[in-house]
Amino acid sequence: MTMIDVKNLKKSYGKFEVLKDISVEIKEKEVVCVIGASGSGKSTFLRCLNRLEEITAGQVIIDGQDITAKEANINKIRQEVGMVFQQFNLFPHKTVLENIILAPMKTRGTAKAEATKNAMELLEKVGLKEKADSYPGELSGGQKQRVAIARALAMNPKVMLFDEPTSALDPEMVGDVLEVMKQLAQEGMTMVVVTHEMGFAREVSDRVLFIDEGVIAEQNVPGELFSNPRNKRTQAFLSKVL
Amino acid sequence: MNALPYLLEGLKVTIYIFVIAIILGFIIGLIMALLRLSPIRALNWIAKIFIDAIRGTPILVQLFFFYFGLNSLEFISFDRTTAGIITVAINAGAYFAEIIRAGIQSMDKGQTEAARSLGLTSAQNMRYIILPQAFRRMLPTFTNQAIISLKDTSLLSVIGIADLTQQGQIAIAATFKAFEIWLVVGIMYFLLIYLLSLLSNFLERRFELR
Ligand SMILES: Nc1ncnc2c1ncn2[C@@H]1O[C@H](COP(=O)(O)OP(=O)(O)OP(=O)(O)O)[C@@H](O)[C@H]1O
Ligand SMILES: [Mg+2]
């Protein structure tokens, strides 16, 4: 079953066309990694999938719903599409637990007791149960990012989007976060991950998209794409990062 | 004769006018800041005109306008105190609006993006994420404006409001002790302002920056 269907997506900032006609179908439970040079449009692509960026042309359909339609209830749709940011973006004035229970309580009217119970289970899952009452400022980068993942999961999303979730982390913190993401992938979450972690892409993803100059220049299963890239630009990019 | 009862009477009026005006001013400021940031052009303009008009004219002219100007129209009649409160409140409101607008705009965009990506509406984002953080950061600037507004209330004596400054003049007319009385009036204002900064410090500690 198709979970994300992107049809002829275009995105311009003024005259500058960042995404030029991107079409891709992502199946339920599929884990797709997006790679490409800096400025190639990876983040923009990801942010079009939950309409943090308004698209210029085309369609984005998530779980059968056209999210770009005028009548689409974007707040409702975003509840189903979790997003994890490079800079974590935790709410610094709220404790870890409050960060996680806020959205379920305010958007779905979940009772506090239930939201808390669910949040504690998620914290256990990301290995941070004992940090429930800490403030984000008291956590390391890796811990912050795991809380951010738990916060997104608390909405029980159908899809998780990750924008370079480990790029702002010290090297020794990267492993913990990737571990949580790997577990999520194994549980069958549909994931789109913009990443520079080629090891993760190779090991965990079902498919890798190489974005170059606003188009998907090449896509393939990771084994093929990494060891046998066909496009010259992919070869050049990989030779730099691998 | 003893001037102190006069001055205490005036102090009460000053505090009364200040408290009401600053609360109203804050509400006006918050509303104007939100209008100023609203995506609707017309609302934007209303707020901009209001803010510019108030910031671009002397408070004494505003006071005369609200008291003598508006009262000269047949269908409006403000008493002195109302006109005084309105003047100080609107004046504070215009400055609060700019402080709050700048505070909201200085927030990291990632906060809004995280909130919206979770499905929170833009109003919920304002209420639970942006304003609580922005207000905490703005506290010192709020205090500054409150102190300015408190000092502004002394201008109200010119339309005959029996505030601390006016009562000082009355006491001097009765006792001829200008030096002592203006000194005491000054000390009373100073103590009020000192109390305000204590309150502000307390709030800053209570809502510690994270
Ligand atoms: N709000 C904006 N206004 C104008 N141009 C923008 C805006 N956001 C992004 N761009 C431009 O669009 C292009 C793609 O940006 P994007 O952030 O998607 O790249 P990226 O592939 O994620 O890069 P990186 O690896 O550095 O994160 C860049 O050239 C960027 O300068
Ligand atoms: Mg990016």
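**Close-up 1. The lining of the largest cavity comes from chain A.** The residues that line this cavity are A:Ile62, A:Asp63, A:Gln65, A:Ile77, A:Glu80 and A:Lys158. This is a predicted model in which local features need pLDDT of at least 70 and side-chain atom pairs count only at pLDDT 80 or more, while totals for chains, interfaces and linings use all residues; side-chain values use heavy atoms, with hydrogens and water left out. Residues are numbered from 1 along each chain as its sequence is written, and chains are lettered from A and ligands numbered from 1 in the order in which they are written. A cavity here is a set of points, on a 1 Å grid over the protein atoms alone, where a 1.4 Å probe fits but cannot get out, and its lining residues have an atom within 4 Å of a point. By class, the lining has 2 nonpolar, 1 polar and 3 charged residues (Ala, Val, Leu, Ile, Met, Phe, Trp, Tyr, Cys and Pro count as nonpolar, Asp, Glu, Lys and Arg as charged, the others, Gly among them, as polar).

**Close-up 2. The edge of an open sheet in chain A.** Four strands follow the order S2-S1-S4-S5 with antiparallel pairing; strands are DSSP runs (E, at least two residues) and helices likewise (H or I, at least four), numbered from the N terminus, and two strands pair if DSSP finds at least two bridges between them. S2 and S5 (65-66) stand at the edges with a single partner strand each, so one side of each has no neighbour in the sheet. Strand S4 (residues 57-62) is joined to S5(A) by 2 bridges, and A:Ile61 stands opposite A:Asp66 in S5(A).

**Close-up 3. The surroundings of ligand 1.** The shell has 4 nonpolar, 6 polar and 2 charged residues.

**Close-up 4. Polar contacts of ligand 1 with A:Ser38, A:Gly39 and A:Ser43.** A polar contact with the ligand is a pair of N or O atoms within 3.5 Å. Oxygen atoms of ligand 1 lie 2.6 Å from a side-chain N or O atom of A:Ser38, 2.8 Å from a polar backbone atom of A:Gly39 and 2.7 Å from a polar side-chain atom of A:Ser43. The protein covers 59% of the 630 Å² of accessible area that ligand 1 has on its own (Shrake-Rupley method, 1.4 Å probe).

Notes
A residue is near a molecule or strand if one of its heavy atoms lies within 4 Å of it. A polar contact is a pair of N or O atoms within 3.5 Å; within protein, one must be able to donate a hydrogen and the other to accept it, and residues adjacent in sequence count only if both atoms are side-chain atoms. On a 1 Å grid over the protein atoms alone, a cavity is a set of points where a 1.4 Å probe fits but cannot get out, and a pocket is an open set with protein on both sides within 12 Å along at least five of seven lines; lining residues have an atom within 4 Å of a point.
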